[in-house]
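Please keep the sequence and the 3D view open while reading.

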Amino acid sequence: MANTWGYGAMTNSLGDIQNAKAIIIFGANPAVNHPVGFQHFLKAKERNNAKIIVIDPVFTKTAAKADHYCQIRPGTDIPFMYGMLNLIFKNGWHDEKFIKDRVYGMEDIMEEAKKWTPQKVADVTGVPAAQLIQITTLYAKSNPGTLIWAMGLTQHSNGSSNTRLAPILQLALGNMGIEGGGTNILRGHDNVQGATDMACLSDTLPGYYGLSDGAWQYFAKSWGVDYDWLSGRFKSKEWMGKKGFTLARWWAGVLDGKDGNDQIHNAGTNLKNLFVMGNGITSIAQQAKVKEGLDNLDMIVLCDPFVNEAAILTDKQDDVFILPAATQFETSGSVTATNRSVQWRSKVVEPMYEAKTDHDIMFELAKRLGFYDEYTAGMKIKENKKDFTWPEDATDEIARIIKTIGLTGWTAKRIKKQTENWHMFDQISGRGYGEMKGEYYGLPWPAWTETHGGSPLLYNINRSVAEGGMGFRNRFGLEHDGHDLLAGAGSAPKGSIQKDGYPEITAENIEKVLGITLTADEKKRIGKNWKVDTSNIIAEKCMEQGIAPYGNAKARAKVWTFPDQIPMHREPLHSPRSDLVKEYPSFDDKENHFRVDTKYISKQTEKDWSKEFPINMVTGRLVNMNGAGMENRASKYLAALTPEMFCSIHPDLAGKHGIRDGSMMWIHSPEGTKIKVKAKYSFSVPEDRIFMPFHFAGHFQGEDLSHKYPKGTKPYAVGESANTVTNYGYDIVTQIPETKGGLCRIEYA
Amino acid sequence: MSENARLKFYCDEHRCISCDGCSVACAEAHELPANINRRKVITMNEGIFGLEYSLSIACMHCTDAPCEQVCPTDCFYIREDGIVLHDKDKCIGCAYCLYACPFGAPQFPADGAFGVKGVMDKCTMCAGGPEETNSHKERELYGQNRISEGKVPVCAAMCSTKALLVGDSAEISDIYRERVLSAGHGAKIQPYGWSTAYGSKI
């Protein structure tokens, strides 16, 4: 996404889905994961006669509400989308003008799409050719169409290719930057977008600034700390710019390449302590390895309102600390929703018993580690204060620093006013009434200035920049292979002084692009470019001239820095089709991938996995639970809905193994691990695959670990974690685990 | 709400996604024992394309309530607004009402034999019971009385897709009628012409 057009976020909003005429839901299950948001899908059907198309390996609650359902084989999303593109280009259903003016590199996609005829797609994906033709025809002819996805597209070894081809499909049809169109990626948890924006990531500073020296210099200055002090905290200066470990593979950092584990590149040492704040690490792939990692740590600290089941999983007896963290009701601050909009959350009660808020825990830790003053300095800068007020000053600090995604408009005062007046906005367009006129609900970023009303619909050139319009971001240079990467003639946002494409705005080009002359004082105060201009002169001047500070460029179908320049099909590391593995092999093994050597082709070809492990395995969520399920299973009424861990299995598959409805079964993984779960007969899965929820913990490979819960903390429901048997496999760019489609073997227990 | 209003539930099967928000909200609000399901979500033909439907079911507060007609101790009473309630002090737990009810709404505690411990429990449309409104005893026996506070019953308030509707039956039928009539809005109503049949390129 970010590599296609600038930002990796939902482009439209849940409310805007009501404007769609066709909705493809690809590897997502909003009826279960976003039940309240799903009303907009249903309303689109009711009010707009929109057709819902669901593409998923498992028949979900969302599929039950669909007009068309395709049961695709896990990990074959790319062939399916190329199959659609094949028909779109062949029949001339693509938007030629849009592609010419606003997209770079589509010719390569057209070439690749030619290979994917409906018959070929049917063989690889398992979706009948007639159905592919029917769906593509419907989708291409129903404008606008929106494309929804979630973890079903991302959690694959080539997930980063999936999430590029889906935007390309929308670009081909000209479905971008319009009401009812867009790529609407649904974020899974409360404030995931906010957490990502604030860099709960190991490869960037907050606001996606990256880890370059320039970025560190900018942040040192903005945080009010000495750059040399900051770099002195690292082993050496070069380690400042290196990516860290990821959530998916931190345990490899502990195991240090011993006993056949993947080698690490961590300055000659391994990880010794683990500090977890509100993360259900028992819902991460390869639980046996997670356990091994936990067992080999010197110290584990777990901060959560409920007992984090990492403490139950590990055999470690000493130096495991469980800190009671406060819940959302016991603290306040801003949270960011899936559509980049922000809301203020107020405190309902003071933290109860010994619980402390997350920020208090962090402050106390910073004090003990001796950098509390530096840690909190940034909050005092704006008004040159002696002390700070939490969380208002933290929110204002974010607004002051983060220009890349346009958070300048997100001051604490504005966010509070928005939330207090949330009844004064239109539910579909998000436009404000009365006092809130001129603002969109939640000020969806980018909100370029302190008076900008937000941008509910990314890349929409039919609105002026001041009203939330913009072209694609100029992020990948001005030209590639001799081709101009700026947008074509006449494709600038409405009311712009520039009618064509233009580069991102810098102090150097601002006068030329905007056709203005800066005063001597402005020249003195202006920052180097729009991303680091804390004076806000660039943004303010841009608004006056109708210019998007980040430029107006073409989206790119081709990413020349990726292993696959255009998305290519590659079979999952564990594929049931060994014949196709030869034709579509995985990537070469990747050295030092987020500090860990990661296997691709060597794992895929280690043996013919499908012989021993013939059944596909898909994991997913239940409506009554989220994440690792710690807090949900501790609720009597939620636990009662699914009191036991189960596996959905087709009666015919179960029958072959003598497994009856409700009896126990073993599931074995290629990694040599196994789990014992209850069989649940279901027609939602075909005979070649099984489905399991991933919210359970407390059992491990057949053993009940319930005795390990501290007194009075055992949840109402415990069970095997599906992730004990999810397979090895990580995305080539992001390292997200390949949990949506591995292999397994089953037997009666 | 008009003076003659009769309060009804209606569950729109095109909207219900079986999220169980209603049943969990109900259990939580009235602090029900684990085996009492005042409200349940039923899914038919699970996993079969085109045939899977879900509905949220509880006491339907019938105008001509069969439970009331068969009760040997006459513990039921129907309010003017149509809500069917019962008096737990009169109930003997015989379960005749369960036999009579077409929806399986009456619930009995499973931790004792019929008649020994278990008096019947069912959906009150969040309107409490015959005890003094909002008294401690009413709360203990029948759960919250939200209607007396002018609030919507908790199940419908929590419904994530607004499939479950509750209120004046006339208004509910208006809301549902609007949904049904608007379905198909924007659909092609003109007869098939040349371009539809053969495409615009020919």
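Helix 4 of chain A and helix 6 (residues 106-115) of chain A pack with their axes 8 Å apart and at an angle of about 105°. Axes here are lines fitted to C-alpha atoms, for helices over the stretch in contact, and angles run from 0 to 180 degrees between N-to-C directions. The angle therefore makes helix 4 of chain A roughly perpendicular to helix 6 of chain A; angles of 65 to 115 degrees count as roughly perpendicular, under 35 as roughly parallel, over 145 as roughly antiparallel and the rest as oblique.

This is a predicted model, in which local features need pLDDT of at least 70, side-chain atom pairs count only at pLDDT 80 or more, and totals for chains, interfaces and linings use all residues. Residues are numbered from 1 along each chain as its sequence is written, and chains are lettered from A and ligands numbered from 1 in the order in which they are written.

**Helix 4 and its partners**
- On helix 4 of chain A, the contact with helix 6 of chain A uses A:Tyr82, A:Leu85, A:Asn86 and A:Phe89; helix 6 of chain A supplies A:Ile109, A:Met110, A:Glu112, A:Ala113 and A:Lys114.
- Two residues are in contact if their C-beta atoms, placed from the backbone, lie within 7 Å.
- By class, this contact of helix 4 with helix 6 of chain A has six nonpolar, one polar and two charged residues (Ala, Val, Leu, Ile, Met, Phe, Trp, Tyr, Cys and Pro count as nonpolar, Asp, Glu, Lys and Arg as charged, and the others, Gly among them, as polar).
- Helix 4 (residues 77-90) of chain A also meets helix 10 (residues 159-172) of chain A, where the axes come within 10 Å and cross at roughly 15°.
- That crossing angle makes helix 4 of chain A roughly parallel to helix 10 of chain A.
- The residues in the contact include A:Met81, A:Leu85 and A:Ile88 of helix 4 of chain A and A:Leu165 and A:Leu169 of helix 10 of chain A.
- Nine nonpolar, two polar and one charged residue make up the contact of helix 4 with helix 10 of chain A.

**Chain A as a whole**
- Chain A has 29 helices and 25 strands; helices (H or I, at least four residues) and strands (E, at least two) are DSSP runs, numbered from the N terminus.

**Interface with chain B**
- In chain A, 27 residues are in contact with 26 residues of chain B.
- Helix 3 of chain A gives the most to the side that touches chain B, with six residues.
- That side of chain A has 15 nonpolar, seven polar and five charged residues.

**Backbone exceptions**
- Most residues other than glycine have a negative phi, and most peptide bonds are trans.
- A cis peptide bond joins A:Trp390 and A:Pro391, with omega about -5°.
- A:Trp445 and A:Pro446 are also joined by a cis peptide bond, with omega about 0°.
- A:Tyr353 has a positive phi near 50° and is exposed, with 6 other C-beta atoms within 10 Å.
- A:Asn536 has a positive phi of about 65° and counts as partly exposed, with 19 C-beta neighbours inside 10 Å.

Note on methods:
A residue is buried if 20 or more other C-beta atoms lie within 10 Å of its own, exposed if 12 or fewer, and partly exposed in between; C-beta atoms are placed from the backbone.
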